Amino acid sequence: MARPRRIVLVRHGESTGNVDDTVYEREPDHALALTDRGWQQAEESGKRLREVFGRERVSVYVSPYRRTHETLRAFHLDPELIRVREEPRLREQDWGNWQDRDDVRLQKAYRDAYGHFFYRFAQGESGADVYDRVGGFLESLFRSFEAPDHPPNVLLVTHGLAMRLFCMRWFHWTSLPADGWTAPWPACAGWRWGMRWDPSTSCR
């Protein structure tokens with residue numbers, strides 16, 4: 001199995017929904033664009049990624065949302081070195097279609113009381129639902145490692161919750177810490193997390 005040397009997870013840059021939560025009442029979540037600040041964040045992340053990857057090949061998986069595609073575009077990675085695949089299983093947690101701000105705030109309060117991982121939004125998903133589809137993606141990712149010419153790097157351009165649940169599945173964390181994610185996992189744009197294979201032990 002040709003395991004990659006690195007797996008890098010990046011959250012999209014700041015979107016219009018991050019600065020104005022009323023936009024969800026007018027625009028679909030998947031159609032929200034990056035703000036000017038979000039483009040700047042993505043470009044800064046791109047500089048760091050180009051330093052890390054150098055001239056090595058990269059297998060890229062990107063959420064189908066507009067803000068993740070724009071983030072990837074702002075990285076300015078060499079098209080001759082990347083293989084890009086849109087991956088719907090890496091999309092944002094579904095909170096419902098047209099989102100009423102007051103209703104969402106009420107449901108967030110319910111979620112805090114019930115538990116972040118298991119609470120399911122009325123017209124959307126629970127954290128456990130997202131975990132299931134991220135787990136399915138991870139199985140597909142492992143199968144892709146069987147290709148002898150698999151690139152030495154994997155890049156996921158996705159969303160905050162999907163990143164957390166990817167790590168939860170990869171490292172076999174339990175669901176118990178998930179209810180405390182609000183405090184230790186700040187909602188900042190442009191997160192970059194990296195894992196590197198250590199042949200003497202495991203991924204670190």
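**Entry 1: a first pair**

I looked up glutamate 87 and arginine 89 and found that their side chains meet in a salt bridge, at 2.9 Å from N to O. A salt bridge here is a side-chain nitrogen of Lys or Arg within 4 Å of a carboxyl oxygen of Asp or Glu. I noted that side chains of opposite charge can pair when their charged atoms come close. Buried means under 20% relative accessible area, exposed over 50%, and partly exposed in between, with a 1.4 Å probe and protein chains only.

**Entry 2: what I am looking at**

This is a predicted model, in which local features need pLDDT of at least 70 and side-chain atom pairs count only at pLDDT 80 or more, while totals for chains, interfaces and linings use all residues. Residues are numbered from 1 along each chain as its sequence is written, and side-chain values use heavy atoms, with hydrogens and water left out.

**Entry 3: the whole protein**

I listed six helices and five strands. Helices (H or I, at least four residues) and strands (E, at least two) are DSSP runs, numbered from the N terminus. Along the sequence I read the pattern β-α-α-β-α-β-α-α-β-α-β. The protein has 204 residues, and 50% of them count as buried. Its accessible surface comes to about 10,600 Å², and carbon and sulfur atoms hold 49% of that. These areas come from the Shrake-Rupley method with a 1.4 Å probe; for residues, only the protein chains shown count as cover.

I also looked up contacts, meaning heavy atoms within 4.5 Å. Among contacts with a separation of 6 or more, 76% join residues 24 or more positions apart.

**Entry 4: more salt bridges**

How many salt bridges does the rule give? The count comes to 14.

I picked out glutamate 56 and arginine 5, whose closest N and O atoms are 2.5 Å apart in a salt bridge. Glutamate 56 lies in the loop between helix H2 (36–53) and strand E2 (58–62), and arginine 5 in the segment before strand E1 (6–11), so the pair ties together parts that are 51 residues apart in sequence. Glutamate 56 is partly exposed at 23%, and arginine 5 is partly exposed at 43%. I also found Arg5, Arg6 and Glu56 linked in a network of salt bridges.

**Entry 5: helix H3**

Arginine 66 and glutamate 70 form a salt bridge, with the closest N and O atoms 2.9 Å apart. Both lie in helix H3 (residues 66–75), four residues apart, which is about one turn of the helix.

Leaving out residues up to four places away in sequence, threonine 71 touches Arg11, His12, Gly13, Leu34, Ala42 and Val157.

**Entry 6: a charged patch**

Where on the protein do Glu25, Asp100, Asp102 and Asp103 gather? I found them in a patch of negative charge on the surface. Patches are made of residues with over 30% relative accessible area and no salt bridge; like charges are joined within 9 Å, and nonpolar side chains (Val, Leu, Ile, Met, Phe, Trp, Tyr) within 5 Å. Asp and Glu count as negative, Lys and Arg as positive, and His and the chain ends are not counted. The place of a charge is taken as NZ of Lys, CZ of Arg, CG of Asp or CD of Glu.

Last, I looked up aspartate 103, which sits in helix H4 (residues 101–114) and is partly exposed at 37%.
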